[in-house]
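Me: Walk me through this model, one question at a time.

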Amino acid sequence: MTSPWTLVVPVKGTAEGKSRLMPERSAEERLLLAEAFTLDAVAALRDARTVGRVIVVTDAGSSVAARLRETVPGVEVLDDPGQGLNAAVARGIAAAGDGPTAAMLGDLPTLVAGDVDEALEAAHAHPLAFVADAEGSGTTLITAAGRTAGADLVPRFGAGSAERHRAAGHVALTLGDHSTLRHDVDTEAELQQAWRRGVGPATARVLESLSPPAASVLQQ
């Protein structure tokens with residue numbers, strides 16, 4: 001039997017991380033959506049049978065940190081060092097200890113546990129691996145399967161990250177377009193696509209509560 005994975009999820013505790021998502025909406029509405037994406041993604045991780053621990057790195061005093069503690073049993077929350085996305089991921093990796101370790105972005109509102117299991121089972125075959133986003137240039141997940149994985153797992157998230165992870169020795173996992181692990185949401189168009197695929201309950205509640213044009217997503 002393979003060891004369970006520790007998953008690190010960096011979360012920006014402000015609306016800035018979703019400034020491209022419906023820019024005409026208020027910062028408060030964008031923050032609500034970003035929080036909902038995280039809640040749904042982390043809940044899917046907790047339901048995955050391959051996942052043992054989930055470590056979220058965010059502003060410990062943020063509303064998303066409070067909601068995670070209240071609604072997702074067993075989630076560990078670490079304070080974001082405030083030095084950018086990759087520094088936040090690195091802090092979570094350092095706290096993971098020995099064993100298979102992965103880092104996943106939190107803007108995956110359609111994520112389901114079965115797709116997490118599919119990816120992590122495949123990742124066990126490789127010392128280092130990654131999952132590219134639907135466009136192929138970004139990265140949604142990086143993994144290190146070794147006993148001391150944290151020493152080898154170096155995050156290189158950001159624009160064009162798929163090629164950087166590949167160049168660093170990560171093997172691209174072959175997952176079909178059906179995999180919810182590949183469909184992050186940064187724009188309104190991607191949000192519309194996510195709604196059609198089926199978003200998690202937290203995201204659905206927020207979308208249903210917003211006035212147009214956010215609610216118009218439901219009619220697409």
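**Pocket and helix packing**

Me: By class, how many nonpolar, polar and charged residues are in the lining of the second largest pocket?
Reply: This is a predicted model, where local features need pLDDT of at least 70, side-chain atom pairs count only at pLDDT 80 or more, and totals for chains, interfaces and linings use all residues. Residues are numbered from 1 along each chain, and side-chain values use heavy atoms, without hydrogens and water. A pocket is an open set of points on a 1 Å grid where a 1.4 Å probe fits, with protein on both sides within 12 Å along at least five of seven lines; lining residues have an atom within 4 Å of a point. The lining has nine nonpolar (Ala, Val, Leu, Ile, Met, Phe, Trp, Tyr, Cys, Pro), four polar (the others, Gly among them) and four charged (Asp, Glu, Lys, Arg) residues.

Me: Which element gives the most to the lining of the second largest pocket?
Reply: The pocket holds about 210 Å³ of space. Its lining counts 17 residues, with Leu 39, Asp 40, Ala 43, Pro 201 and Ala 202 nearest the centre. Two or more residues come from each of α1, α2 (63-71) and α7. Five come from the top contributor, α1.

Me: How are α1 and α7 oriented to each other?
Reply: The axes of α1 (residues 27-47) and α7 (residues 201-209) come within 7 Å and cross at roughly 160°. Angles over 145 degrees count as roughly antiparallel. The two helices are therefore roughly antiparallel.

Me: By class, which residues make up the contact of α1 with α7?
Reply: On the α1 side, the residues include Leu 32, Leu 33, Ala 36 and Phe 37. In α7 they meet Pro 201, Ala 202, Thr 203, Val 206 and Leu 207 (contact: heavy atoms within 4.5 Å). By class, the contact has nine nonpolar, one polar and one charged.

Me: What covers the buried residues of α7?
Reply: Buried means under 20% relative accessible area. In α7 that holds for Ala 202, Thr 203, Ala 204, Val 206 and Leu 207. Their cover includes α1 and α6 (188-197).

Me: Is Thr 38 buried or exposed?
Reply: Thr 38 sits in helix α1. Leaving aside neighbours within four places in sequence, Thr 38 contacts Val 11, Val 64, Leu 68 and Gly 106. With a relative accessible area of 3%, Thr 38 is buried.

Me: What percentage of the protein chain is buried?
Reply: The chain has seven helices and seven strands. Among contacts between residues at least 6 apart in sequence, 67% join residues at least 24 apart. Of the 220 residues, the buried share is 51%.

Methods: Axes fitted to C-alpha atoms, helices over the stretch in contact; angles between N-to-C directions. Helix = DSSP H or I, 4+ residues; strand = E, 2+ residues; numbered from the N terminus. Parallel < 35°, antiparallel > 145°, perpendicular 65-115°, else oblique. Points joined across faces, edges and corners; volume = space filled by probe spheres on them. Buried < 20%, exposed > 50% of the residue type's maximum accessible area, 1.4 Å probe, protein only.
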